[in-house]
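Please examine the model shown here before reading the dialogue.

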Amino acid sequence: PLASFTVSLRTMDNITVTIKLRPGVPQGCQIRVKYLSRYDLKIKPGENVTFTFTCKTPEEYFIMEIQKNIDCVSGPCPFGDVHLYPPGLPRLNRTFIWDVKASTKAGLELKFATPWLRQIEPGGTCPDFVSYNISSCIDTATVNIGTFCRGGSVSQVKLQGGLIMALYLPWNSSLITSGFNIANRSSIKRLCIIESTLKEESSVTLMSPNYPLGFPEDELMTWQFVVPSNMRASVFFHNYSLSNCERKEERVEYYIPGSVSNPEVFKLNDIQPANIAGSFNLSLQGCDQDAQNPGILRLLFQVVVQHPQIDENVTHLVDLSKEWDMTVTIHSEGWPNRSPLMSEPVCLICKDPRTCDRALTLVSGAVYKISFLCKDLARLRITAEKKISCADFWRCQGKIYSLSVPKTITQLPVRLHRFIWKLLAPEQINVEIMSPTLKLQQHVQEQRCNTSYSYSIVSATPERDLNVGVFCPGGSIEKIQMRNNVTISLKTFGKGFLNESNRQDLKMSFVQHIKDECTFTVKPDPRAKLYLQTPNWPHGLPPYVSVSWYITVPSKQVARLGFSKDRVGVSCETGRAYVNIQEQRLGAEETVRREDEALPKPLQMYHNFWVNISNCKPVDKTHFALQFWVILAEKKTDLAVIIAVVSGTGLLVAIGLTVCCVRKKKKKNQNPMVGVYNANVNIQMPGKQGLFKKGRKNNESHVYAVIDDAMVYGHLLKESNGSVTPEVDVYRPFDGPVGSLPPSPPPLSFRKEIKLSHSVEEPPPLTETDHDAYTFAHQKLGEPEKNGDADEKSNGDTSTFLLENKEQDGSEE
């Protein structure tokens with residue numbers, strides 16, 4: 001049989017019991033009183049009702065409210081413990097409500113039994129599903145003081161005027177007492193006072209009344225914190241907003257025993273006091289709000305109590321007085337993405353004994369003395385950022401900026417997490433990064449970085465970011481040139497950076513506009529296999545982006561170049577994607593592969609060479625990501641070449657004698673000098689400024705007289721069977737451009753391999769210390785330079801000639 005319940009209410013108790021359907025639950029069960037069934041039941045004071053439910057699980061369908069009205073205005077208040085009455089109620093989800101009417105001249109006090117209460121945000125739930133809600137009633141206005149769970153630090157709540165106390169119990173709760181009592185006290189002359197008792201290391205989170213809605217206009221409330229005198233308390237404002245004030249000012253006031261300026265007044269956006277010894281009060285004061293646009297005043301804050309730290313009086317000097325555009329933030333691990341757990345001991349950084357926070361930001365141009373309130377400094381991190389900009393290239397050119405972490409940071413007892421350099425350059429000004437001593441290694445799957453720190457490099461435009469890659473010290477990349485603004489992030493791993501930080505040698509400078517989005521200069525290590533990969537790995541190059549690598553090959557070695565896969569793997573929607581490879585020497589073959597062709601098999605490179613990769617606009621879900629490798633090996637001399645060279649020694653003697661005679665004759669006839677041109681030697685490097693402003697393509701300084709056919713024997717020394725012996729041949733008049741730019745993608749009339757007989761890539765622009773590869777004459781001592789003449793002078797090495805012409809010295813052979 002179904003259980004029967006009898007509820008008997010006395011008139012003097014002024015209690016009403018209401019049973020009704022749970023919201024959103026179908027009508028699958030009813031309440032039966034005598035012979036009538038219904039879906040709700042209201043039992044008033046003085047009534048005695050017996051009822052049953054038509055189902056065995058009424059808790060799934062019904063809820064119950066038990067409301068007791070207490071009048072403390074017209075009669076005495078029933079102060080003391082509050083009981084759960086009446087007994088014998090069915091086991092339903094139930095809410096006990098105590099509505100207490102009181103005069104504003106007499107305050108009411110709610111005292112809670114241990115384990116006291118903990119405030120939660122509206123809509124939150126408690127672990128045992130038992131919750132208290134406290135509201136204040138002043139005249140006709142009701143203010144929600146807050147919602148609380150059992151088990152916290154809130155031991156008392158004092159209110160001005162009446163209150164509504166609601167206790168929610170789930171149907172299976174075993175709680176038999178309310179856990180609080182009501183007491184009378186004198187007027188508190190403010191909305192409420194919340195007392196929080198903290199006996200040991202702990203933290204408490206509290207909210208202003210009506211949170212997250214607005215705190216009542218021009219109201220005042222106080223939190224009282226009871227803290228042992230041997231403990232320290234710190235206050236942190238986590239979430240707040242301000243209303244629009246017409247009169248007065250919103251503020252918080254602290255009353256701290258022993259302070260020389262009580263009350264201490266702070267704005268809500270100030271850093272709040274920390275390291276407070278013992279108990280203190282915190283008050284929130286509203287203002288007269290704008291009637292048309294009142295805004296919202298609200299506050300959520302945290303108070304942390306902990307023991308004094310042994311090293312709280314130890315200060316550390318951070319001298320940023322000579323730095324520019326730099327910020328240094330010391331913070332807890334995981335900041336700002338993760339807030340510390342309530343159970344974690346807090347780590348504080350202090351600018352002075354009372355100005356502390358979980359995160360402290362220091363700016364350049366000042367000197368700081370900081371201290372730490374933290375049991376374990378390993379939980380702290382440093383994140384720093386520095387900006388280097390160039391608005392006018394003529395003022396920036398020639399300047400070399402060091403990208404190293406200042407010692408004032410590395411000497412702190414806190415681990416550097418990340419140091420970010422933001423290199424800002426306007427259009428037509430680009431950034432060059434170099435590591436002269438250590439050089440850089442690109443982090444790839446086959447060649448992982450195992451250092452204590454690495455650099456992440458990103459080149460950015462307003463439209464997109466190009467993730468150049470992750471690099472660490474100790475590799476083969478000498479420099480990287482990039483267009484647009486560049487962000488370099490140094491990230492540390494473990495504690496080893498402290499020892500390695502003294503050897504940092506990363507530097508940067510601003511350079512003039514470069515052709516590609518990114519250009520690498522690489523000098524491979526002869527002892528190791530070098531791996532390189534395209535930026536934005538593994539997501540692929542952005543559309544229409546071109547990247548180049550300039551790889552140097554020592555004179556006595558040969559490089560073997562190979563690709564990690566057979567094809568590029570990209571399908572083009574518009575345009576074409578190319579891989580271009582070319583040695584930097586006259587007459588070099590240019591190897592070109594399109595995206596629909598197989599990549600070349602491993603190639604032998606005997607001279608410095610370029611690898612250029614250019615993307616198209618790929619079809620969706622395809623991307624251009626390519627990896628290649630370079631190995632250096634010693635050159636192997638061909639035996640046939642040795643024999644040919646030995647047997648040709650006599651011929652060389654004959655050539656020398658003949659040329660001497662001819663030179664004497666030409667001296668007499670004032671004819672131009674004669675030289676043999678070696679096309680294979682090119683020691684020019686990319687990115688250097690030109691010495692000759694006019695340019696060779698605009699004059700005839702590269703045109704020379706040709707040796708008579710009868711005196712040409714150079715064909716006997718041509719390469720044999722792939723030998724790398726320098727080729728000697730009759731010089732052919734040059735009719736192509738001269739420069740050092742990387743190979744460009746071929747036109748639409750594509751050819752797989754282009755043999756350049758009358759057109760070559762430009763060698764690098766020359767500086768005052770570079771060689772003139774197309775000039776045979778030597779400058780006389782003290783003779784002024786002539787730009788564009790056939791007798792142009794060069795002070796470089798003459799190793800590119802087999803014969804020296806000394807006639808300009810006046811010497812005869």
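The dialogue that follows treats aromatic pairs, charges over rings and backbone angles.

Q: On what basis are the features in this model counted and numbered?

A: This is a predicted model, in which local features need pLDDT of at least 70 and side-chain atom pairs count only at pLDDT 80 or more, while totals for chains, interfaces and linings use all residues. Residues are numbered from 1 along each chain as its sequence is written, and side-chain values use heavy atoms, with hydrogens and water left out.

Q: How many aromatic pairs does a search of the whole structure find?

A: Rings of Phe, Tyr and Trp (its six-membered ring) pair if their centres lie within 6.5 Å; planes under 30 degrees apart are stacked, over 60 edge-to-face, and the rest tilted. The search of the whole structure finds 25 such pairs. For Phe-5 and Phe-53, the ring centres are 6.0 Å apart and the planes stand at 65 degrees, so this pair is edge-to-face.

Q: Which parts does the pair of Phe-5 and Phe-53 tie together?

A: Strands (E, at least two residues) and helices (H or I, at least four) are DSSP runs, numbered from the N terminus. Phe-5 belongs to strand β1 (residues 4-8) and Phe-53 to strand β6 (residues 48-53), so the pair links parts 48 residues apart in sequence. Both Phe-5 and Phe-53 are buried, where buried means under 20% relative accessible area, exposed over 50%, and partly exposed in between (1.4 Å probe, protein chains only).

Q: What is the geometry of the pair formed by Tyr-401 and Phe-510?

A: Tyr-401 and Phe-510 are edge-to-face, at 5.8 Å centre to centre with 80 degrees between the planes. Tyr-401 is in strand β35 (residues 401-402) and Phe-510 in strand β43 (residues 507-512), so the pair ties together parts 109 residues apart in sequence. Phe-510 has a relative accessible area of 3% and is therefore buried.

Q: Which charged end sits over the ring of Trp-629?

A: A charge sits over a ring if NZ of Lys or CZ of Arg is within 6 Å of the ring centre and within 35 degrees of the ring normal. The charged end of Lys-529 sits over the ring of Trp-629, 4.4 Å from its centre. Arg-358 has its charged end over the ring of Phe-236, 4.8 Å from the centre.

Q: Where does Pro-212 lie?

A: Pro-212 lies in the loop between β18 (202-207) and β19 (220-226). The peptide bond from Tyr-211 to Pro-212 is cis, with omega near 5 degrees. Asp-218 is found in the loop between β18 and β19; its phi is positive, about 55 degrees, although Asp-218 is not a glycine.
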